[in-house]
Amino acid sequence: MHVAIDTLTRMTDALAACQQGTLPQNEMIKQWRTGATDLPLPEKFGVVLGDLLDRIEASALFSGESCSFSQQGLFDNLQLWADKARAKLATP
């Protein structure tokens, strides 16, 4: 389980770097898609994550904020997903 927590930590570090502008958004998304495949989580986590990442990719087509997408809101939801995933991984 330690490996999964380390993977999740790298994913959240990539999210933070993206929000700070030091990691391109497409690279962060790539890291999240790759890292998520290594996490032993229920299928619903993958469905939700895929939807969030797809919406983040779509938001890049706009100037960050639009009537349909709030990029910061999507990043916040990605962090919430990570928090829930971490809690699930920590549960025996």
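This is a predicted model: local features need pLDDT of at least 70, side-chain atom pairs count only at pLDDT 80 or more; totals for chains, interfaces and linings use all residues.
Q: OK, how many salt bridges does a search of the whole structure find?
A: The search finds three salt bridges, where the term stands for a side-chain nitrogen of Lys or Arg within 4 Å of a carboxyl oxygen of Asp or Glu. As a general point, side chains of opposite charge can pair when their charged atoms come close.

Q: Which residue forms a salt bridge with Asp54?
A: Asp54 is bridged to Arg33, and the closest N and O atoms of the two are 2.7 Å apart. This pair links distant parts of the chain, since Asp54 belongs to helix α3 (residues 43-59) and Arg33 to helix α2 (residues 25-36), 21 residues apart. Helices here are DSSP runs of H or I with at least four residues, while strands are runs of E with at least two, and both are numbered from the N terminus.

Q: And where does Glu57 come in?
A: The side chain of Glu57 meets that of Arg33 in a salt bridge of 3.1 Å, N to O. Here too distant parts of the chain are linked, with Arg33 in helix α2 and Glu57 in helix α3, 24 residues apart.

Q: What about Arg55, which side chain does it meet?
A: Arg55 meets Asp51 in a salt bridge of 3.3 Å, N to O. The two are four residues apart in helix α3, so about one helical turn separates them. Arg55 is partly exposed at 32%, and Asp51 is partly exposed at 39%. Through salt bridges that share partners, Arg33, Asp54 and Glu57 are joined into one network.

Q: Switching topic, which residues of α3 are buried, and what do they pack against?
A: The buried residues of α3 are Phe45, Leu49, Gly50, Leu52, Leu53, Ile56 and Ser59. They pack against α2 and α4 (71-90).

Q: How many aromatic pairs turn up in the search?
A: The search of the whole structure finds two aromatic pairs. Rings of Phe, Tyr and Trp (its six-membered ring) pair if their centres lie within 6.5 Å, and planes under 30 degrees apart count as stacked, over 60 as edge-to-face and the rest as tilted.

Q: What is the geometry between Phe45 and Trp81?
A: Phe45 and Trp81 form an edge-to-face pair, 5.9 Å centre to centre with 75° between the planes. Phe45 lies in helix α3 and Trp81 in helix α4, so the pair ties together parts that are 36 residues apart in sequence. Both Phe45 and Trp81 are buried, and together with Trp32 they form one aromatic cluster.

Technical notes: Residues are numbered from 1 along each chain as its sequence is written. Side-chain values use heavy atoms; hydrogens and water are left out. Buried means under 20% relative accessible area, exposed over 50%, partly exposed in between (1.4 Å probe, protein chains only). Contact means heavy atoms within 4.5 Å.
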